Amino acid sequence: MSQLKYCQGPKCHTYDTKDRKKGPKDNKRNETRRRSSFYYLNGNACSMQCQADWVDVYGARALQHFGMITQPRVLTADNAWRKSYDWNRNGSDRHYVYNYLTDERIPLTEDQYNNDSTIIDDQGRLTTREFYTLNI
Ligand SMILES: [Zn+2]
């Protein structure tokens, strides 16, 4: 069984919903939501509202803590690679890596498309051009 955790939205308890109500009739109170998993704020907030509340209160401090960029990030032909495919109703989809600045395409096998996470690094750079092997 997974562990329950609380929504990190600083105002979660202030939203008046039935599931937040706790306590006996003479001592009613609303509590922060507690779940095994959440969808927002990377799994830490119960709703978009609670996520936005967190960013309002802590976002600027988080930026200062982790560092704000002082130079623009740049997309060039070197880091503009993405996996893509052309769907074909006959089942023979064409898979490839695609550079959306130069329009260059390099074919992939379907297995490489689905299973090889090393073809493109997390910055969008192609790690090698030698990965494609033709299956005849
Ligand atoms: Zn919440």
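Is Arg35 buried, partly exposed or exposed, and what is its relative accessibility? Arg35 counts as partly exposed, because its relative accessibility is 35%, where buried means under 20% relative accessible area, exposed over 50% and partly exposed in between, with a 1.4 Å probe and protein chains only.

This is a predicted model, in which local features need pLDDT of at least 70 and side-chain atom pairs count only at pLDDT 80 or more, whereas totals for chains, interfaces and linings use all residues. Residues are numbered from 1 along each chain as its sequence is written, and side-chain values use heavy atoms, with hydrogens and water left out.

Arg35 lies in strand S4 and Asp19 in the loop between S1 and S2, 16 residues apart; strands (E, at least two residues) and helices (H or I, at least four) are DSSP runs numbered from the N terminus.

Next, select the zinc ion, which is coordinated by the SG atoms of Cys7, Cys12, Cys46 and Cys50 at 2.2 to 2.3 Å; donors are N, O and S atoms within 2.8 Å of the metal (3.2 Å for Na, K and Ca), and because water is not among the atoms, sites may look incomplete.

Finally, select Cys50, which counts as buried because its relative accessibility is 0%, and then Cys46, which counts as buried at 17%.
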